[in-house]
Amino acid sequence: MASLCFSPSVLSCKIKPPITGFRKQRLSLFVCRAASLTFRDLDADDFRHPLDRQNTLLLRAIPGLNDIGKALLGTVSEQIMLLENIGTSVLVSENQLPELHYLMVEAARILNIEAPDLYIRQSPVPNAYTLAVSGKKPFVVVHTSLVELLSQKELQAVLAHELGHLKCDHGVWLTFANILTLGAYTVPGVGSLIAQRLEEQLLRWLRAAELTCDRAALLVAQDPKRWLFQY
């Protein structure tokens, strides 16, 4: 069970450098932040939604699911996904878009998880997603339009939501949910039967997983009024 503690700094006030390349520069504002509440030894099961736990067990009970997923994704498919995302995005770091880097690092600290790589991708469609490729460090991708739309705290809540997927080991199942059913449909006869069975269970699991990750976002935002938007 996690215990509560406060960050060593009681109050942090600083001027953040502007983020170039976006129409709105909300993240370049003067930021004055009170110390965030952190959670020592926070475990995924401390905030995992009961429906997430239940549907994950049901998903794992489907015979041959892991083997099907490995066959459909494979090393080549995973590398294509990785290169396609990295090749069209900008890696966030202390020296490049440092304000976004700070939001990610702080959210990861609160959730007691190692911060993944964060990429910003040019897109007019507001979205954020997480990819976990075998043997590679997981990463989060955020579209530029989402950065432009949201306030700083809202954007951090989105990052925390994505961190929730990693904290709860949703990465592999997310990949299945996004790709497996589409791949299964390409297999004549048997493929359509497999996909028909998996699609309902995957979507049921995905809805439950989103509830868990909204809880992770709330742990970081620490203000329920700020986590009422949909992205």
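Mentor: A residue counts as buried when its relative accessible area is under 20%, as exposed when that area is over 50%, and as partly exposed in between, with a 1.4 Å probe and protein chains only. By this rule Tyr119 is buried, and Phe139 is buried as well, while buried residues make up 45% of the 231 residues in the protein.

Trainee: What should I know about the model before I read further?

Mentor: This is a predicted model, in which local features need pLDDT of at least 70 and side-chain atom pairs count only at pLDDT 80 or more, whereas totals for chains, interfaces and linings use all residues. Residues are numbered from 1 along each chain as its sequence is written, and side-chain values use heavy atoms, with hydrogens and water left out.

Trainee: What is the average pLDDT of the protein?

Mentor: The pLDDT is the predictor's confidence in each residue, from 0 to 100; the protein averages 75, and 63% of the residues score at least 70. Over residues 6-34 the pLDDT is below 50, and this stretch has 62 contacts in the model beyond near neighbours in sequence, a contact being heavy atoms within 4.5 Å. Over residues 184-190 the pLDDT is also below 50, and there the model has 11 contacts beyond near neighbours in sequence.

Trainee: How many helices and strands are there in the protein?

Mentor: Helices (H or I, at least four residues) and strands (E, at least two) are DSSP runs numbered from the N terminus, and the protein has 7 helices and 8 strands.

Trainee: Which residues form an aromatic pair?

Mentor: A pair of aromatic rings is described by the distance of the centres and the angle of the planes. Rings of Phe, Tyr and Trp (its six-membered ring) pair if their centres lie within 6.5 Å, and planes under 30 degrees apart count as stacked, over 60 as edge-to-face and the rest as tilted. The structure holds 1 aromatic pair, formed by Tyr119 and Phe139, which are edge-to-face at 5.5 Å centre to centre with 80 degrees between the planes. Tyr119 lies in strand β6 (residues 117-121) and Phe139 in strand β8 (residues 139-143), so the pair ties together parts that are 20 residues apart in sequence.

Trainee: At what angle do helix α3 and helix α5 pack?

Mentor: Axes are lines fitted to C-alpha atoms, for helices over the stretch in contact, and angles run from 0 to 180 degrees between N-to-C directions. Helix α3 (residues 98-110) and helix α5 (residues 152-167) pack at about 50 degrees, with their axes 9 Å apart. Angles under 35 degrees count as roughly parallel, over 145 as roughly antiparallel, 65 to 115 as roughly perpendicular and the rest as oblique, and α3 and α5 are therefore oblique to each other. Among the residues that make the contact are Leu100 and Leu103 of α3 and Leu155 and Leu159 of α5.

Trainee: What is the phi of Asp169, and where does Asp169 lie?

Mentor: Most residues other than glycine have a negative phi, and most peptide bonds are trans. The phi of Asp169 is near 55 degrees, a positive value in a residue other than glycine; Asp169 lies in the loop between α5 and α6 (171-184), and counts as exposed at 57% relative accessibility.

Trainee: With which residues is Arg215 in contact, leaving aside its neighbours within four places in sequence?

Mentor: Arg215, which lies in helix α7, is in contact with Phe47, Arg48, His49 and Pro50 once those neighbours are left aside. Arg215 is partly exposed, with a relative accessible area of 36%.
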